[in-house]
Structures are given as C-alpha cells and as structure tokens.
Amino acid sequence: MIDYSYAILLFAKDITGGGADKFYWFDDGQIVETDVQQVVELDRIVVCHDFWLIRDVLFDKAQDIPELILDLDEFRITISGDPKDRILREKQDITNELIRYGTSEEVCSQYKKMFYGGEGFDIEVALEAATAMDKMFCFLCEKASVNDEMSRFLEVELPVYRLLQRSMASGICINSMGLKEKRSEAEHDYFYALKNYSATHDMPLETPAQDAIEAKLNALGFDLNGVSTNYVLEFLPHEKNFGNDTISLLNLNSTRQVLSSLSISSDLVRPVIDVFGSRTSRVHLRSPSLQNLAKKYRTILKAREGANLSYVDFDQYEVGIMAALSEDPELARLYETGDMYDLFATQYLGLDGNRKAAKQLFLSYAYGMSRDALVDAAVSFGADRKSAKSSFKAFTKYEEWKNSVWSEFRRNERIGTLNGNYYKRDVYDLKLMSVDNLKRLANSAASLVIVAMVSNKIHVRIFDEKGKKVIDKSEKQISSKDGFTEFCQQLKFFYNKDCLSFDNQQEVIKLAMSITGYSRKLSGKEKRSAVSQVVQGTASLIFKKSLLAVSEIEDVTIVLPMHDALLFEHNLLDTPNKVVEIFSKVMTEELSDRVKGKASIAQFS
C-alpha cells in the first residue's frame with residue numbers, strides 16, 4: 001500500500017520546440033489535460049518518465065520545476081542493485097517496462113510515438129499506458145520498502161534529483177567568446193599527445209578503442225580475466241607509463257568532444273543530468289558531459305554577471321571514509337595528521353616525494369589487490385621489498401573490515417552503504433525439468449542451477465560463472481540435509497520456471513545451493529566491487545547530503561557537481577567558508593564522529 005500522495009503525469013513532446021507541448025494527469029481512471037503552471041505547483045509527488053524531455057519546457061514557462069519529481073525509470077534503477085540496468089537504460093525506454101505491467105506491445109509502440117510527438121494524442125492508448133505506470137510505481141515502492149531502499153530514496157535521492165535538475169534547467173554560463181580559442185588549443189594538445197603516444201607505445205595514430213587497449217595490455221602481459229580495463233590502467237604499474245598515458249589521451253579526447261559540442265552562439269548550456277549515474281550513485285552529466293573537461297579548459301565556464309565562482313572539495317575523501325568505516329587507528333592517524341599519501345610514501349614505502357605512486361598503491365590495497373601483486377608493484381616504483389611487505393600489514397583493522405565486507409556480500413548476496421544503495425551479486429539462472437534419465441540434463445552452461453525430477457527423484461546440477469560443473473547430486477545425497485523439506489515444498493507446485501516469480505526462483509536457487517553444500521566464492525572483481533560499493537556509495541551519500549545542506553544557504557547557487565566536489569556561485573566573501581564548514585560537518589556527522597571531515601576551497605581551473 002502506498003502511503004504517499006502522488007499523481008501520474010503524461011506528456012506529448014513538441015519536437016519542433018515551438019512550445020506546443022501537452023501535459024495530462026491520470027486522475028481517478030481518467031486522462032485530464034493540465035498546464036505547466038499546475039504541473040509545477042502540484043503539492044504531491046509528480047510521477048512521470050523521461051523527465052529530461054520536459055524539464056526545460058517546464059522551467060522556461062514557469063521559471064521552476066515541481067517540488068517532488070519521480071522519474072519511474074530512474075526510480076527503478078536507483079533501487080535495483082543491478083549495474084546492468086543502468087547500461088540497458090541507455091538502449092531502452094519506459095515502454096520496455098510498461099509491457100511487464102499489462103500494456104500490449106502495440107499500445108507501447110503507439111505510446112512511444114505519442115510522447116515523442118510523432119503521433120497525435122490518443123486517450124485510449126494514454127489510459128492503458130498510465131494504468132501500467134501506476135502499477136509500476138506501486139510495485140517499485142513496495143520493492144524499495146522491502147529492500148530497505150525507500151528511506152534513502154525519499155530523504156536523499158528525491159530532493160537531490162529536484163535540486164540538480166532545477167540547477168541544470170537554469171543553465172550553466174559559458175564564455176562563448178573564448179570557445180573557438182579553447183577548441184583550437186584542445187585540438188593541438190590532443191594531436192600532439194596522440195603523436196607521442198603512438199610513437200612511445202607502438203599504437204596506431206588514432207584514439208585507442210577498447211579492444212585495441214585490451215589487446216595492448218594482453219601483449220604487455222596483463223591478465224584481464226576478472227578485472228576491468230580501467231582498473232588495470234589506473235592502478236597497476238606499466239612499462240613506459242602506458243596506463244597513465246592512455247588515460248591522459250582519452251581524457252584529452254573527451255575534452256575536445258565536450259568543447260566541440262558547445263555552441264558559439266549561446267552563453268548558456270543546459271546539460272542532461274543522471275543523478276544516479278552509477279551503481280554507487282555518482283552524479284553524471286551528459287549532453288554535454290562538462291565533468292569530463294580537463295582542468296586546463298575549465299575556464300570556459302563562467303559566473304553570472306556580478307557573481308563569483310568557488311570550488312569546494314573534500315580532502316582525501318576516500319581515506320577518511322575508509323578510516324571511519326573500519327575504525328582503523330593507523331589509517332585514522334594518517335588521515336588526521338596531514339596528507340595521508342605523502343605520509344604513506346615517506347613513513348612506510350620509502351618513496352619520498354612520490355605521492356602519486358603512494359596513492360596508487362594504497363588505493364590498490366584498499367580495494368583488494370593481492371598482497372604479492374602490491375609488493376611487486378611497490379618495488380617497480382622503487383620501494384624496498386621488505387619495506388613494501390611491512391607497509392601493507394600496518395592496517396590490521398582495515399584488513400578485518402575488508403574481510404567482513406566480503407563475508408557479508410557472500411552471505412547476503414548484496415552489500416550496501418550506511419543507508420541503502422545495495423549492490424547485488426550476479427544472479428544464477430534456474431532451470432526446472434522433468435526427465436527420465438540424467439543424459440537429458442545439460443552438461444555445459446554458465447551460472448545455472450538445474451533442478452530436475454529424474455524418474456520422480458530430485459537431482460540438482462549446478463554450473464558456476466566460468467561454466468564448470470560444480471555440483472551434481474541425487475536426492476539420495478541431499479535428502480538428509482537441513483532445508484530439504486522446505487526445498488521440496490517450494491517445488492511442489494512448480495515444474496515450469498515460468499510459473500515462479502523472480503523472487504521465488506532466487507529462493508529455490510538459494511535452497512538448492514544450501515542443501516547441496518555449494519558456496520559461491522567471491523572473485524577478485526567481486527571483492528573489489530564490494531569494497532567500492534561501500535566506500536564510494538557512502539561517499540555519494542555524504543556528498544548528496546552536503547548538497548542539500550549547502551542549498552539552504554541563500555547566497556549559494558549550485559552550478560556543477562564534479563564527482564565529490566562542487567562548483568557554486570556566490571556574492572558574499574564569507575560564503576565559501578560556510579560551504580567548507582557544511583561539507584566538513586556533514587561528513588563528520590554521517591560517519592558518527594569517528595573522523596573529523598575535511599574539506600577546502602580548491603582550484604577549479
């Protein structure tokens with residue numbers, strides 16, 4: 001049962017930009033036309049989809065957007081815990097989901113044309129789509145409540161969504177007069193870097209594609225099994241600095257693309273913003289992705305006339321969060337004493353002056369790189385092997401905490417932050433069968449649990465993620481195990497997988513693994529992802545709460561969130577200090593005073 005007041009909003013986009021956009025409420029089973037002012041002034045949650053299509057239309061006509069906006073697709077992704085949903089979001093739209101809630105494929109196709117403005121508004125089509133949206137919203141609310149995601153969504157994600165969408169709708173000022181010069185400079189820097197990159201690393205004279213980078217890494221002897229390319233480039237040492245050079249070149253290419261996307265004829269840009277842009281809830285911008293601008297080119301952004309720009313950033317943010325969550329005394333000491341990476345370089349690794357290497361090594365350790373690989377990497381940077389070995393034994397409480405995170409992830413099949421934002425393990429598929437002999441069961445598969453009735457006796461066969469057959473047990477082998485009776489009850493009425501809900505399937509899989517004694521081990525990638533989810537997810541939570549607190553300062557206008565930092569406008573000289581105090585205070589309070597949060601005004605460009 002939904003305990004909060006809401007209204008379903010439908011729209012028909014005027015793709016010509018002529019202002020003929022239409023808006024409709026779904027009210028008591030009826031479609032009722034409304035106007036922009038009524039949409040903006042509604043004192044309930046406005047439930048819609050693809051809000052980015054109508055955001056600027058609403059703002060231009062009413063100089064505001066609704067107080068509470070819930071985009072159904074964003075809500076679904078925010079509470080799903082599955083990173084693949086974010087990837088699929090870029091390839092699909094709301095109609096892919098509405099089919100699951102009773103809308104026919106034909107109606108979905110018509111509705112898609114309607115809201116994109118390619119077809120006239122049809123009341124019957126709109127009614128069926130709106131009814132499905134209503135069902136979808138109710139289902140997602142119940143799912144969020146059951147999965148402990150609702151409080152974070154209502155208290156943090158929903159108000160931050162409105163705050164940042166309004167900020168982007170009002171626009172970011174750019175120095176269009178200097179844009180042409182910046183474009184030329186970026187083109188020169190990029191092609192100069194590309195020429196050196198190609199010559200140094202024997203790569204083609206072109207922006208390296210993902211497969212080309214992976215092929216080069218394989219040729220250099222890196223094992224990419226179970227690790228992301230970005231992880232290898234960023235955290236592992238490379239011959240001739242291939243990793244850093246690749247990252248730098250790709251960043252330069254992103255910068256020139258952003259600059260090329262800006263219009264010389266306009267002093268204002270209004271990016272599309274993903275407030276939940278990654279599985280850890282990072283804020284991402286696109287069209288254009290201003291966050292990808294290299295520091296050298298950020299002067300293209302400017303304050304409104306009479307205002308000033310300032311940039312606040314947390315100091316050694318990840319380290320502070322790790323120290324608080326793990327309650328590691330040595331990590332807390334290094335964080336509180338000064339620059340943790342400088343101290344780690346000098347006091348532990350003997351790499352005086354090489355802060356960059358110390359940071360790379362520590363974060364590799366913190367997120368789960370093996371001890372042997374860490375020591376080898378440290379030695380490659382010039383550290384003494386004995387010193388390197390002892391360095392990574394200094395954080396005993398953090399090591400215990402890391403292991404507790406992995407244990408929880410393995411036990412519960414999900415891991416979260418201080419307030420929701422769960423990341424789920426990849427699920428296994430389930431296949432229920434009834435056969436007369438074992439020869440009819442599959443002998444090769446991946447991430448699959450087969451539960452078969454073989455001559456009226458249960459047989460369980462399990463294949464792991466790599467396709468290895470890890471369990472192949474008969475009823476005789478499992479009938480004495482705890483949970484077998486419950487397992488049989490689950491199966492009593494279900495001999496076809498399609499009869500089971502997703503949750504039913506996962507329960508059957510869990511019981512099958514339990515009674516057969518199969519325990520899924522965490523891969524290296526899963527271990528890194530689990531720690532990242534807790535640390536980075538907590539960082540996103542603190543950052544978003546800081547944004548909400550800062551927005552209460554009358555003199556502050558939020559301009560651009562940059563990962564864990566914020567570019568903002570102000571008029572008064574003491575406002576930046578107030579913002580720093582709020583960032584530090586929110587971090588301290590969210591981490592229960594286990595560390596004192598640190599932030600400062602930093603150089604933006």
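Reader: How many residues line the second largest pocket, and which lie nearest its centre?

Author: The lining holds 42 residues, and Lys 424, Val 427, Phe 502, Asp 503 and Gln 506 lie nearest the centre. This is a predicted model: local features need pLDDT of at least 70, side-chain atom pairs count only at pLDDT 80 or more, and totals for chains, interfaces and linings use all residues. Residues are numbered from 1 along each chain as its sequence is written, and side-chain values use heavy atoms, without hydrogens and water.

Reader: What makes a space a pocket, and a residue part of its lining?

Author: On a 1 Å grid over the protein atoms alone, a pocket is an open set of points with protein on both sides within 12 Å along at least five of seven lines; a lining residue has an atom within 4 Å of a point. The second largest pocket holds about 1,700 Å³ of space, a volume filled by probe spheres set on the points.

Reader: Which helix gives the most to that lining?

Author: Helix α22, with ten residues. A helix here is a DSSP run of H or I with at least four residues; a strand is a run of E with at least two. Helix α22 spans 502–516, and α7 (123–146) is one of the others that supply at least two lining residues each.

Reader: How do the lining residues divide by type?

Author: Twelve are nonpolar, nine polar and 21 charged. Asp, Glu, Lys and Arg count as charged.

Reader: Why is Ser 540 called buried?

Author: Buried means under 20% relative accessible area, with a 1.4 Å probe and protein chains only. Ser 540 has 3%, so the residue is buried. Ser 540 sits in helix α23 (residues 524–550). Leaving out residues up to four places away in sequence, Ser 540 touches Thr 280, Ser 281 and Arg 282; contact means heavy atoms within 4.5 Å.

Reader: How do you know that β11 and β12 pair?

Author: Two strands pair if DSSP finds at least two bridges between them. Three bridges join β11 (residues 414–417) to β12, and the strands run antiparallel, so they count as a pair. Thr 417 is bridged to Gly 420 in β12. A hairpin of two residues links the strands. Four of the five residues of β12 (420–424) are buried.

Reader: What makes β17 and β19 edge strands?

Author: The open sheet has the order β17-β18-β10-β19, with antiparallel pairing. Strands β17 (557–562) and β19 (599–601) each pair on one side only. From one strand to the next, the twist averages 25 degrees. Strand β10 (residues 308–314) pairs with β19 over three bridges, and Phe 314 stands opposite Ala 599.

Conventions: Buried means under 20% relative accessible area, exposed over 50%, partly exposed in between (1.4 Å probe, protein chains only). On a 1 Å grid over the protein atoms alone, a cavity is a set of points where a 1.4 Å probe fits but cannot get out, and a pocket is an open set with protein on both sides within 12 Å along at least five of seven lines; lining residues have an atom within 4 Å of a point. Axes are lines fitted to C-alpha atoms, for helices over the stretch in contact, and angles run from 0 to 180 degrees between N-to-C directions.
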